[in-house]
Amino acid sequence: MDDQNRNLILATALSFLVILVWFLLFPPPESQTAPQTPAVTQADGTVSVPAVASGAGTTQAPTLEVAQTATRAEALNKTERVEIRTARLTGSLSLVGGRVDDLSLNDYFVTVDKGSPNVTLLSPAGVPNAYYALYGWSPAEGLAANAVPGPSTPWRAESGAVLTETTPVTLVWDNGAGLIFRRVIAVDDNFMFTTTQSVENTTAAPVRLAPYGIIARHGIPSDLMNFYILHEGVISVTDGQLNELKYKKIMDLPVDPAEGAAAQRIDVTGNGWIGFTDHYWMTTLIPSPTQPFTAVTKYTQATDTFQTDIRMPVMTVGPGETAQSVTSLFAGAKEWATIRDYQNNMHIDRFVDSIDWGWFFFLTKPIFWVLHQMHALIGNMGLAIIGLTFIIKLLLFPLAYKSYVSMSKMKALQPEMEKLKEAAGDDRVKMQQEMMALYKREKVNPAAGCLPILLQIPIFFSLYKVIFVTLELRHAPFFGWIRDLSAPDPTSWMNFFGLLPWAAPTHASALGILSIGVWPILLGLSMWLQQKLNPAPADKTQAMIFTWMPWIFMFMLGKFASGLVIYWVANNSITFGQQYTIMRTQGIKPDVFGNMLSGLRKLRKAK
């Protein structure tokens, strides 16, 4: 396998990679066919969670409201509230249902532009895409539904005027029939709420009831990415098993008669959690590590509501006794270090896997870890990506060295190979035998150049995955005009990189793919320069492929995340240096400048 065939394999492999990633970026649209309307069936003898209410009401098990026409401010003003104010969170609790339904992230903004609003995570019922968490108790064995607090119970703030990291809030509700319910809500200095539900039985008879927690989401999120490469929807861990359900799959769940909706129930014996994950944000309900519970995923078509529940076993509270249940709610950003600390300190099983590491987790996890450590050391994520490139090239250097040495030896054997071709004439079998004997005699492996190419494909894809899914790359700046390494280079040659007084075509326009910036152009130039280590192939078809390949890749990768393009430029530059040096040590003197001029002369002749 000479240099020409090796380059053809490189072109084929990278073309396959681009086609694959392009398909992942722009998958065919999924069908949004909704399931048939489920029939509501009452299951006798079971403890069921009341339907989630969309607005204020009585303590009766409410019916979901379909209309969602209120503005956010109107919805917030409809109910009495307790403010949430921490260093990282801003929002409020609704005293109707005791819901956590108003939450913004102080450290994260919608865009990189100055003055951009904070990211809003949770929103109250009554507004489009309402998203909130609530708690309650389900009655059992003769206890009336209005004897326990539910989604619309009017709670009273017993203590705590503002929920902060140091001041928890206590809510209380007396059912007027001998049961007094309290809810103590605390929050730490990151994104974890802890809710302690208690019931005091002042009656003369025991009561049986079961605590639950709910996260409700009205409609499919408006900012859904809907990429195959990213999981968005319900995520849970149940006794060590990671479960993921996209919204379409939730809608297609079989109807559970006991739930009266499409639903899935999983009984958890020891450790687990369940909730919703977005691209960068997440809300999850987390029982105590040893607490058995039932994890429920549910979709109610009539109200277009997605729901995740944790339902604890029924408990008996005797006369004069008080029982309590403690659960946690994570509502915030999927910061790797923060989630890892929760996993280790609170013993939350596989919590780090809430980040979608993908099938290549054995590559994506260490790649991210190296990026994280280098960013902590350097302070610039773009430089961390370049540093990661050096580490990857260092690890692959033994293979690359063998590859380049073999290629250099084959380069030196070119005169002898030409003689063999002339001597064999049209006898291709004899020519192959003579060439294999030559390779064996000179200890040359013609396939040595293939393995480094093949290894680059999963590494490239894994780095793309890391840049796309991890929060740490979101809005991470490099230098100059690169203010977000997870977004494409914002400059464009079509307006001379911002110097001309008109806007460049957007990605949505037909010319969007042609509107590339500085770093994609550097990518094309680095690939072109790397090609010039060898003369152009004599075969006209191969020569044409190699001539156009750098510029095709320049435009194909031009709309990828700038962090990935920076990696590829650095990778090409290091590869050029390695190959040039190794070829020189093997007695081969690459005529880079001469090959450039030769290519330009051929281009002029073609014109």
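## Basis of the model

The model is predicted, and local features need pLDDT of at least 70, side-chain atom pairs count only at pLDDT 80 or more, while totals for chains, interfaces and linings use all residues. Residues are numbered from 1 along each chain as its sequence is written, and side-chain values use heavy atoms, with hydrogens and water left out.

## The chain as a whole

The secondary structure of the chain comes to 14 helices and 21 strands. Helices (H or I, at least four residues) and strands (E, at least two) are DSSP runs, numbered from the N terminus.

The chain has 607 residues, of which 52% count as buried. Buried means under 20% relative accessible area, exposed over 50%, and partly exposed in between, with a 1.4 Å probe and protein chains only. Among contacts in the chain with a separation of 6 or more, 68% are between residues 24 or more positions apart; contact means heavy atoms within 4.5 Å.

## The nine-stranded sheet

Nine strands form an open sheet, in the order E6-E8-E9-E10-E21-E17-E16-E12-E13, and the pairing is antiparallel. Two strands pair if DSSP finds at least two bridges between them. At the edges lie strand E6 (156–159) and strand E13 (241–246), each of which pairs on one side only. From one strand to the next, the twist averages 20 degrees. In a regular strand the side chains alternate between the two faces of the sheet.

## Strand E10 and its neighbours

Strand E10 (residues 192–201) has eight of its 10 residues buried, so it is largely enclosed by the rest of the structure. Strand E9 (residues 179–187) pairs with E10 in the antiparallel sense over nine bridges, and the two form a hairpin with four residues between them. Within this pairing, asparagine 201 in E10 is the bridge partner of leucine 179.

E10 also pairs with strand E21 (residues 322–333), in the antiparallel sense and over nine bridges. Here glutamine 197 has serine 325 in E21 as its bridge partner. Strand E21 also contains serine 328, which counts as buried at 7% relative accessibility. Leaving aside residues up to four places away in sequence, serine 328 touches Tyr135, Met192, Phe193, Thr194, Thr284, Leu285, Ile286 and Met346.

In strand E16 (residues 272–277), six of the six residues are buried, so the strand is largely enclosed by the rest of the structure. E16 pairs with strand E17 (residues 281–287) over four bridges in the antiparallel sense, and three residues lie between the two strands of this hairpin. Isoleucine 274 has leucine 285 in E17 as its bridge partner.

E16 is also joined to E12 by six bridges, and these two strands run antiparallel. In this pairing, threonine 238 stands opposite glycine 272 in E16. Strand E12 (residues 233–238) pairs in turn with E13, in the antiparallel sense over six bridges, and valine 234 stands opposite leucine 245 in E13.

## Helices H6 and H13

The axes of helix H6 (residues 381–395) and helix H13 (residues 562–585) come within 9 Å and cross at roughly 40 degrees. That makes H6 oblique to H13. Axes are lines fitted to C-alpha atoms, for helices over the stretch in contact, and angles run from 0 to 180 degrees between N-to-C directions. Angles under 35 degrees count as roughly parallel, over 145 as roughly antiparallel, 65 to 115 as roughly perpendicular and the rest as oblique.

The crossing of H6 and H13 is right-handed; a crossing is left-handed if the near helix is turned anticlockwise from the far one by less than a right angle, and right-handed if clockwise. In H6, Ile385, Ile386, Thr389, Phe390, Ile392 and Lys393 meet Gly563, Ile566, Tyr567, Ala570, Asn571, Ile574, Thr575 and Gln578 in H13. By class, the contact of H6 with H13 has eight nonpolar, five polar and one charged residues. Ala, Val, Leu, Ile, Met, Phe, Trp, Tyr, Cys and Pro count as nonpolar, Asp, Glu, Lys and Arg as charged, and the others, Gly among them, as polar.

## Helices H8 and H9

Helix H8 (residues 414–424) and helix H9 (residues 428–442) have axes that come within 9 Å and cross at roughly 155 degrees. That makes H8 roughly antiparallel to H9, and H8 passes H9 in a right-handed crossing. Glu416, Met417, Leu420, Lys421 and Ala424 of H8 make the contact with Met431, Glu434, Met435, Leu438, Tyr439 and Arg441 of H9. By class, this contact of H8 with H9 has seven nonpolar, no polar and four charged residues.
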